[in-house]
Amino acid sequence: MRIYNTLSKKKEDFVPLEEGKVRMYVCGPTVYNFIHIGNARPMIVFDTVRRYLEHKGYEVNFVSNFTDVDDKIIKKAIEEGVPAEEISQRYIAECKKDMEGMNIKPATTHPLATQEIGGMIEMISELIEKGYAYEKNGTVYYRTRKFAEYGKLSHKNLDDLQGGNRSLLVSGEDEKEDPLDFVLWKPKKEGEPAWQSPWGEGRPGWHIECSVMSKKYLGEQIDIHGGGEDLIFPHHENEIAQSEACSGKCFSRYWMHNAFLNIDNRKMSKSLGNFFTVREIGEKYDLQVLRFFMLNAHYRSPLNFSADLMESSKNALERILTAVENLKYVAEHASLQEMTEEEVLKLEETKKFEENFDDSMDDDFNTADAIAAVFDLVKFANTNVAEGSSKAFADALRGKIQSLCDILGIITEKKAELLDADIEQLIEERQAARKAKNFARADEIRNELLEKGIVLEDTREGVKWKRA
């Protein structure tokens, strides 16, 4: 298996630190709102990487954090007049719902930044002790120039950075020894959450969080560190500087980064009005379609999102689901139970599709080519299975398609469609629950219908519904 390593800018053979085991860390979202489809791409990509590693027989310790203390969370909390913790807990719960909809497996550990403050204070203290950090008026800074290899991941030169291409400034520029030094700890501001530290009350800088959580749950050295390419600099560069200054060891052997997601060939932004949350997409499509769409491109290729491409992905996914459903139907109605000699030989032919799938995934997780191998298998099944086929042959082909799709996290069972009468009955029950002020049940029914592809719209004329 070969992985493109951002550090070396080339594909390298994958050799784990410990035989048969993989330690993997992926930066998770900052939880101040519903996750957007840009957040969804690394989630889907690295969930698929994890699934394939498990398919290869590795025991994967997969850690992905939630950043639950941040300026954006604090801003939202102030706007709503609630504690920051209430905002973060609300959106962690919502994020987990969206992840479930995209069939993303829960991480081995989902650490929260606010629960790891003690470890952050310890690491910052160690960096000060070793001369890599210094304190000024309650703010602790990292001495960027002290770390000789700074810039090795982003392939940036410190002197070029000094020219102002990108500022690492978080606060207090005048207090810094060098404009490129970045913040490890910042003093408390009025109305913000804060923790006691040797440098006064305050909270950690963003970069230190991942270094500490990775070390606690995976050890000083890890196999794979993943995230979006927007995190290469400064976040991942700073993680390396912090972690390696403390341990004196290589922090992560392989650095994987997914490319950006554009909307209708433009960068996604709220100001352009092309900003979509996963929840909004889930109102129009089954989130399996979003997953399938994301995997149809190589993770290092920029991906363009559009309504046409989503429709195309929906239709393509439908071909797989229909093939699986047809094979199930043939198996259930077959008069012949065991495979014929001809079917045994035909089944042998399908090994090439499985080999093509593995070869594609072994080549830096090329999911686009892996999906092409799945379609070859689907085409083979559609061509070679008919009413007279044996149960064993239909079942074997269905099992092969399902196992490959499972590695990609694609669910092959079609969701049972609700009858109109059942929908109307659930809407009536929801209305009754709202009248009784049982809003939890009302939300439950809405989510239940949404999961089955039924979108509700509350209007002045009453509740309207449509199939997504």
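Tutor: What follows begins with the model and the chain as a whole, then turns to the listed positions and their helix, and ends with some other parts of the chain.

This is a predicted model, in which local features need pLDDT of at least 70 and side-chain atom pairs count only at pLDDT 80 or more, while totals for chains, interfaces and linings use all residues. Residues are numbered from 1 along each chain as its sequence is written, and side-chain values use heavy atoms, with hydrogens and water left out.

The secondary structure of the chain comes to 16 helices and 15 strands, where helices (H or I, at least four residues) and strands (E, at least two) are DSSP runs numbered from the N terminus. Of its 468 residues, 49% count as buried, a term that means under 20% relative accessible area, with exposed standing for over 50% and partly exposed for what lies in between (1.4 Å probe, protein chains only). Among contacts between residues at least 6 apart in sequence, 75% join residues at least 24 apart, contact meaning heavy atoms within 4.5 Å.

For the feature "binding site", the unreviewed UniProt entry lists Cys-27, Cys-210, His-235 and Glu-239. These positions are spread over 213 residues of sequence, yet they cluster in space, with a largest C-alpha distance of 11.1 Å. UniProt positions are given in the numbering used here, with feature names shortened, and annotations may be inferred rather than shown by experiment.

His-235 lies in helix 7, which runs over residues 232-247, and Glu-239 lies in helix 7 as well. An α-helix has 3.6 residues a turn, so residues three or four places apart point the same way. His-235 counts as buried because its relative accessibility is 1%, and Glu-239 counts as buried because its value is 0%.

With neighbours within four places in sequence left aside, His-235 is in contact with Cys-27, Trp-206, His-207 and Cys-210. Under that condition Glu-239 is in contact with Cys-27, His-207, Cys-210, Ser-211, His-225 and Phe-251. Just after helix 7, Gly-248 takes a positive phi of about 75°.

The unreviewed UniProt entry also places the feature "binding site" at Lys-270, which is found in the loop between strand 12 (266-267) and helix 8 (278-284). Lys-270 is exposed, its relative accessible area being 54%.

Elsewhere in the chain, Gly-20 has its place in the loop between strand 2 (10-13) and strand 3 (21-26), and Gly-20 is partly exposed, with a relative accessible area of 30%. Although Gly-20 and Tyr-58 are 38 residues apart in sequence, they are 4.9 Å apart in space, C-alpha to C-alpha. When residues up to four places away in sequence are not counted, Gly-20 touches Gly-57, Tyr-58 and Glu-59.
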